[in-house]
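Visitor: Let's go through this model together. I'll ask, you answer.

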Amino acid sequence: MSAAPVAWRQCPIDIPTEHGTTHLMESHSEKTLLERTFRSSRKNQKEILEAILESIAESGHDPEQGEKSLYLAVDEALTNAMEHGNHWNADKRVRIQLNAGADYLKIFIEDEGDGFDPAFHVTNGTPGKTSKRGRGLRIIQQFCTPRWNSRGDAIEMIFRARKQQ
């Protein structure tokens, strides 16, 4: 597994909101709340989700779209990494990193698979609404701003959030 994708740092982020688009600038003061590596398994998937939610709660950040929406998007990304990337092979791992800025949360998920072409699948390769495949990518895009690395074996999910006073 590679280190966190440095090329993604300090880029403007466009976050879709209910009232249009919000532009954020990533911050040097971003804080890492969680960084762990897990074996690919359904049991670990639940443990990862719980660790992420617990870390967010402890940080005092409140996801703008709500905890359930964040949970759903991250669950989909984890399923993609473990199922499609690592083929549920318990010898393969997923790396998780949760960072927080002043008004956003970033969740980075990387698998040990061969990757996929996000440009194709995200823009024109996703099946219709009734298809059993491809819905996860649409769910992820509905609740956050996703960015994939060029190999397609890592996703960074940006969620608008406020730190509670």
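This is a predicted model: local features need pLDDT of at least 70, side-chain atom pairs count only at pLDDT 80 or more; totals for chains, interfaces and linings use all residues.

Visitor: Which element gives the largest share of the largest nonpolar core?
Guide: That core has 31 residues, and Met 157 is listed with Ile 52, Leu 70, Val 74, Ile 109 and Phe 159 as having the most contacts inside it. Elements giving two or more residues are β3, α1, α2, β5, β6, α4 and β8. The largest share is seven residues, and it comes from α2.

Visitor: At what angle do α2 and α4 pack?
Guide: Ser 69, Leu 72, Ala 73, Glu 76, Ala 77 and Asn 80 in α2 meet Gly 136, Leu 137, Ile 139, Ile 140 and Phe 143 in α4. The contact residues divide into seven nonpolar, three polar and one charged. The crossing is left-handed. The axes lie 9 Å apart, at an angle of about 145 degrees.

Visitor: Is Leu 33 buried, partly exposed or exposed?
Guide: Leu 33 sits in strand β3. Beyond its sequence neighbours within four places, Leu 33 contacts Ser 55, Ser 59, Leu 98, Asn 99, Ala 100 and Leu 105. Buried would require under 20% relative accessible area. Leu 33 has 23%, so the call is partly exposed.

Visitor: How far apart in space are Leu 33 and Leu 105, C-alpha to C-alpha?
Guide: In sequence they are 72 residues apart. Even so, Leu 105 is among the contacts of Leu 33. The C-alpha to C-alpha distance is 9.7 Å.

Technical notes: Residues are numbered from 1 along each chain as its sequence is written. Side-chain values use heavy atoms; hydrogens and water are left out. Axes are lines fitted to C-alpha atoms, for helices over the stretch in contact, and angles run from 0 to 180 degrees between N-to-C directions. Helices (H or I, at least four residues) and strands (E, at least two) are DSSP runs, numbered from the N terminus. A crossing is left-handed if the near helix is turned anticlockwise from the far one by less than a right angle, and right-handed if clockwise. Contact means heavy atoms within 4.5 Å. Ala, Val, Leu, Ile, Met, Phe, Trp, Tyr, Cys and Pro count as nonpolar, Asp, Glu, Lys and Arg as charged, and the others, Gly among them, as polar. Buried means under 20% relative accessible area, exposed over 50%, partly exposed in between (1.4 Å probe, protein chains only). A nonpolar core is a set of buried Ala, Val, Leu, Ile, Met, Phe, Trp, Tyr and Cys residues joined through side-chain atoms within 4.5 Å.
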